[in-house]
Amino acid sequence: GGRLGKGIEFDGVQGGLRIGNYTGLKPTTNQITISAWIRPSECPDSWMQIYRKEDGDQGRQLLAIGKTAYYGLWCGLAVDGYVEVGGQIDRSTLADVNWHHVAATFDGKQIQLFHNGTEVGRAKVVEEEPVAAKVGDERLRIAFLGNTLVHRAAEFGYLESELIRLLPDDIVFRNLGWPGDTVTGSARVEF
């Protein structure tokens with residue numbers, strides 16, 4: 001246990017925690033968020049690791065503050081090879097003796113960096129592949145989301161008919177359009 005439950009307290013001079021190979025730290029999806037509360041007393045040009053996990057062939061996960069072209073928050077992940085994304089933060093802001101929340105998220109396509117809830121960096125690191133309907137694939141499923149326009153399209157079916165003409169026969173549509181009953185878009189209570 002730590003000072004508060006399972007929390008860990010560092011002396012502020014030199015500290016770190018090394019954990020053996022723990023599978024609970026491996027993401028089970030292609031999404032991950034790494035976040036921490038930090039309070040650096042200084043921000044030198046050298047790198048200060050906040051979180052680092054090495055996975056051998058699986059790559060690396062890294063959250064750090066430091067300087068390359070500029071000082072800031074950096075995240076590195078093994079995504080189609082190893083990629084790093086940085087977000088600029090004024091080092092005097094970080095060394096102001098207050099606690100700072102830093103976070104990096106990867107949603108499967110882009111990495112976003114946050115400092116105290118404000119986005120400081122973003123980069124698309126995975127290119128989207130176009131959706132292609134091919135014969136032999138599982139059924140292509142298309143959902144229409146929206147308001148009155150989408151709802152009324154279901155009544156006439158022109159859009160679906162044109163898509164069926166252009167795409168393979170094995171296609172399924174779901175129309176989830178729902179018009180609001182008020183000018184503010186509030187929906188009916190019953191479905």
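Analyst: A residue is buried under 20% relative accessible area, exposed over 50%, and partly exposed in between (1.4 Å probe, protein chains only). W47, at 41% relative accessibility, therefore counts as partly exposed. The model shown is predicted: local features need pLDDT of at least 70 and side-chain atom pairs pLDDT 80 or more, while totals for chains, interfaces and linings use all residues. Residues are numbered from 1 along each chain as its sequence is written, and side-chain values use heavy atoms, without hydrogens and water.

User: What share of the 191 residues of the protein chain counts as buried?

Analyst: Of the 191 residues, 28% count as buried.

User: How many helices and strands does the protein chain have?

Analyst: Both are DSSP runs numbered from the N terminus: helices are H or I with at least four residues, strands E with at least two. This protein chain has 3 helices and 10 strands. Along the sequence they follow the pattern β-β-β-β-β-α-β-β-β-β-α-α-β.

User: In what order do the strands of the open sheet stand?

Analyst: Strands pair through backbone hydrogen bonds, either parallel or antiparallel. Pairing is counted here if DSSP finds at least two bridges between two strands. In this structure, 4 strands form an open sheet, and the order is β1-β6-β7-β8 with antiparallel pairing. At the edges are β1 (32-38) and β8 (118-124), each of which pairs on one side only. Strand β7 (residues 110-115) is joined to β8 by 6 bridges, and the two run antiparallel. Within that pairing, F114 stands opposite E119 in β8.

User: Which residues touch the most other members of the largest nonpolar core?

Analyst: Nonpolar side chains tend to be buried together in soluble globular proteins. A nonpolar core is a set of buried Ala, Val, Leu, Ile, Met, Phe, Trp, Tyr and Cys residues joined through side-chain atoms within 4.5 Å. The largest one here has 23 residues, and F106, I111 and V125 touch the most other members. Two or more residues each come from β1, β3 (60-67), β4 (71-78), β5 (82-88), β6 (100-106) and β7.

User: What is I111 in contact with, apart from its neighbours within four places in sequence?

Analyst: Contact means heavy atoms within 4.5 Å. The partners of I111 include C75, L77, V83, V85, F106, A123 and V125, and also T105, G121 and R122. Over the protein chain, 46% of contacts between residues at least 6 apart in sequence join residues at least 24 apart.

User: How many aromatic pairs does the structure hold?

Analyst: Rings of Phe, Tyr and Trp (its six-membered ring) pair if their centres lie within 6.5 Å; planes under 30 degrees apart are stacked, over 60 edge-to-face and the rest tilted. The structure holds 2 such pairs. W47 and W74 are edge-to-face, 5.9 Å centre to centre with 75° between the planes. This pair links distant parts of the chain: W47 lies in the loop between β1 and β2 (48-54) and W74 in strand β4, 27 residues apart. Y70 and W74 have ring centres 5.3 Å apart and planes at 25°, so they are stacked. Together, W47, Y70 and W74 form one aromatic cluster.

User: Is W74 buried or exposed?

Analyst: At 11% relative accessibility, W74 counts as buried. Y70 counts as partly exposed, at 25%.
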